[in-house]
Amino acid sequence: MDTAIFFIQVLNSVQYGLLLFLVASGLTLIFGIMGIINLAHGSFYMIGAYLAFSLTGLIGDFWLALAAGVVVAVLIGLALEWLVIRFLYDRDHLYQVLLTYGLILIFEECRSLLWGDDVHGVPVPPALDFSIPLTENLSYQVFRVAMSAICLALAAGMYWLIQKTRLGMMIRAGSVNREMVQSLGINIGLLYRVVFALGVALAAFAGMLGSPVSSVFPGMGNQVLIVSFVVVVIGGIGSVKGALVAALAIGFADTFGKVLLPQIAGMVVYLLMAAILLWRPQGIFGKA
Amino acid sequence: MSELLVEATGLHTYYGSSHVLRGVDLRIGCGESIGLMGRNGMGKTTLLRTIIGLVRSREGRVRIRGRDATREAAHRIARMGVAYVPEGRGIFPNLSVHENLIMAARPGSEGRRDWTLERVLETFPRLAERMRHGGGQLSGGEQQMLTIGRALMTNPELLILDEATEGLAPKIAREIWTIVRKVRESGIATVIVDKNFAAVNSITDRNLILVKGEVVYEGPAAELRERPDVHQRYLGV
């Protein structure tokens, strides 16, 4: 492999990994803090992509559409937590799986009613729709670089929120002792609603941000859901740091798997998961 | 008695089918210190958890400063000025000592800001040395100080201490008692549950003894000291 191609694959790996991180971090937060297995998490990624498609068409500007889409996603998250999810906290995982699986079906049906079953595309924002030449005949699209930069900024923002703010302290405290948090005068119901909405917004944001480089199509959430669960399991359930490391590992494994081992490309990610779980059954940053 | 802070009347609380509290009354005046005594399994913790809203009573009322708090959420009751230091401490091991202290800091229900981080660290100099440590790295005594310090950061009107010296070395336990005395002198009402009846009695104004979910004895601290019969009958010491 020559250096330019290698470099491009590294950039692709990072970009895919970081986008995956946005989806998986929400999943791991919701599972680690609230104890909810949310199968509908991939649907939020899909909803994001369709929102980007519609809102970009409506508003005309991708970035404004992104901002509006985040607002919509937060509202969906708040409403969904209030309507459905809050009844699941004290229930067995089986109920959570059944109910959130039901949500997938509902979201897919709504998607079909609202947008139909065609494949759509979102145009790359014109300001970033050019490429940096790497060699005479290889170049890399600037929008993809911007995507990675935005994901990194969001990851840094999440680190700050969780590690440095009082809200983050309450969130971390809530993951170990719900009753004690309440007895300190903190409204845990509201805290959970905020965390859930944050997770929904992150997944939807990833769907929106990724929409110009992938197409917008039915069932796109399910693919992402499975890989995101792989990320959460590898990284250690509940660990945002673990999700970042695992998402990048998956990004590299998937991208380079397709280049170096095309015959088994579909398996590489799962082989990696199996290997890591053999080494650390609780995941890289998971607690035993 | 001074103004009434907490007034619980006729509390009946069940765990499933077991009838744990059988009509308990408890009145706590502002700044008053009350010892809640009784052998294990007599309903002391259940009574405390009912008052702070973590367990619901089937019958009876809880009023805090005259406001009905019987069906209030636990976080609302905490915001009315009731702080709880649970048995087994309840620190957050995944947060640093500093984070444990500041996460719930707020002015009291009457807007009081007496307890700041500085004052808590003055009261617990051991914690000041361990600010960057994880809560889980502390010794048992330090964890207990952290829980009490964290409760004080909410500027409460009432501090409930459930088995605060459980499992601590006598020297550390004495340190805790000194601090509880200081808290009491600062005008915060306290409810103390502890196996060391003599220590409790030396701090409190009044004591209650629970037997099988009922109050069987209630009287001023001075009285209990001269009633070995009560000790023997209800506390087994």
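Predicted model: local features only at pLDDT ≥ 70, side-chain atom pairs only at ≥ 80, totals over all residues.
Two packed helices are described by the angle between their axes and the distance between the axes.

| Helix pair | Angle between axes | Distance between axes |
|---|---|---|
| α9(A) and α11(A) | about 20° | 10 Å |
| α9(A) and α10(A) | about 125° | 8 Å |
| α2(A) and α8(A) | roughly 50° | within 6 Å |

Let us start with helix α9 of chain A, which covers residues 220-235. Its partner α11 of chain A spans residues 265-279. How do these two helices lie relative to each other, roughly parallel or roughly antiparallel? Their angle is about 20°, and angles under 35 degrees count as roughly parallel, so α9(A) and α11(A) are roughly parallel to each other. Their crossing is left-handed. On the α9(A) side, the contact is made by I226(A), V230(A), V233(A) and I234(A). On the α11(A) side you will find V269(A), Y270(A), M273(A), I276(A) and L277(A). By class, this contact has nine nonpolar residues, with no polar and no charged ones.

Helix α9(A) also packs against helix α10 of chain A, residues 240-260. Here the angle is about 125°, which makes α9(A) oblique to α10(A). The crossing of this pair is right-handed. From α9(A), the residues V227(A), V230(A), V231(A), I234(A) and G235(A) take part. They meet G242(A), A243(A), A246(A), A247(A) and I250(A) of α10(A). Which classes do the residues of this contact fall into? There are eight nonpolar residues, two polar ones and no charged ones. If you follow V230(A) and I234(A), you will see them listed in the contact with α11(A) and also in the contact with α10(A).

Helix α2(A) contributes H41(A), F44(A), Y45(A), G48(A), A49(A) and A52(A). Among the residues they meet in α8(A) are F196(A), G199(A), V200(A) and A203(A). The contact counts ten nonpolar, four polar and no charged residues.

## A helix with buried residues

Helix α6 of chain A runs over residues 166-176. Its buried residues are G168(A), M169(A), M170(A), I171(A), R172(A), A173(A) and G174(A). What covers them? The cover includes α1, α5, α7 and α8 of chain A, together with α3 of chain B.

## V84(A), a residue in a loop

V84(A) sits in the loop between α3 and α4 of chain A. Is it buried or exposed? Its relative accessible area is 18%, and buried means under 20%, so V84(A) is buried. The C-alpha atoms of V84(A) and I276(A) are 34 Å apart, and 192 residues separate the two along the chain.

## Threonines in chain B

Now turn to chain B, where T190(B) belongs to strand β8, residues 189-193. T190(B) counts as buried because its relative accessibility is 0%. Its side chain makes a polar contact of 2.8 Å with the side chain of S33(B). Beyond residues up to four places away in sequence, T190(B) touches E32(B), S33(B), I34(B), L158(B), L159(B) and V183(B).

T50(B) is located in helix α1 of chain B, residues 44-51. With a relative accessibility of 5%, T50(B) counts as buried. The side chains of T50(B) and T13(B) are joined by a polar contact of 3.2 Å. Leaving aside neighbours within four places in sequence, T50(B) is in contact with L11(B), T13(B), L21(B), V55(B) and S57(B).

## Positive phi angles in chain B

Two loop residues are worth a look for their backbone angles. R65(B) is not a glycine, yet it has a positive phi of about 50°. R65(B) lies in the loop between β4 and β5 of chain B, and with a relative accessible area of 27% it is partly exposed.

E163(B), also not a glycine, has a positive phi of about 55°. E163(B) is found in the loop between β7 and α7 of chain B. Its relative accessible area is 5%, so E163(B) is buried.

Methods
Residues numbered from 1 in each chain as written. Chains lettered and ligands numbered in written order. Heavy atoms only, no water. Axes fitted to C-alpha atoms, helices over the stretch in contact; angles between N-to-C directions. Helix = DSSP H or I, 4+ residues; strand = E, 2+ residues; numbered from the N terminus. Parallel < 35°, antiparallel > 145°, perpendicular 65-115°, else oblique. Left-handed = near helix turned anticlockwise from the far one by under 90°. Contact = heavy atoms within 4.5 Å. Nonpolar A, V, L, I, M, F, W, Y, C, P; charged D, E, K, R; others polar. Buried < 20%, exposed > 50% of the residue type's maximum accessible area, 1.4 Å probe, protein only. Polar contact = N/O pair within 3.5 Å; in protein donor to acceptor, adjacent residues only side chain to side chain.
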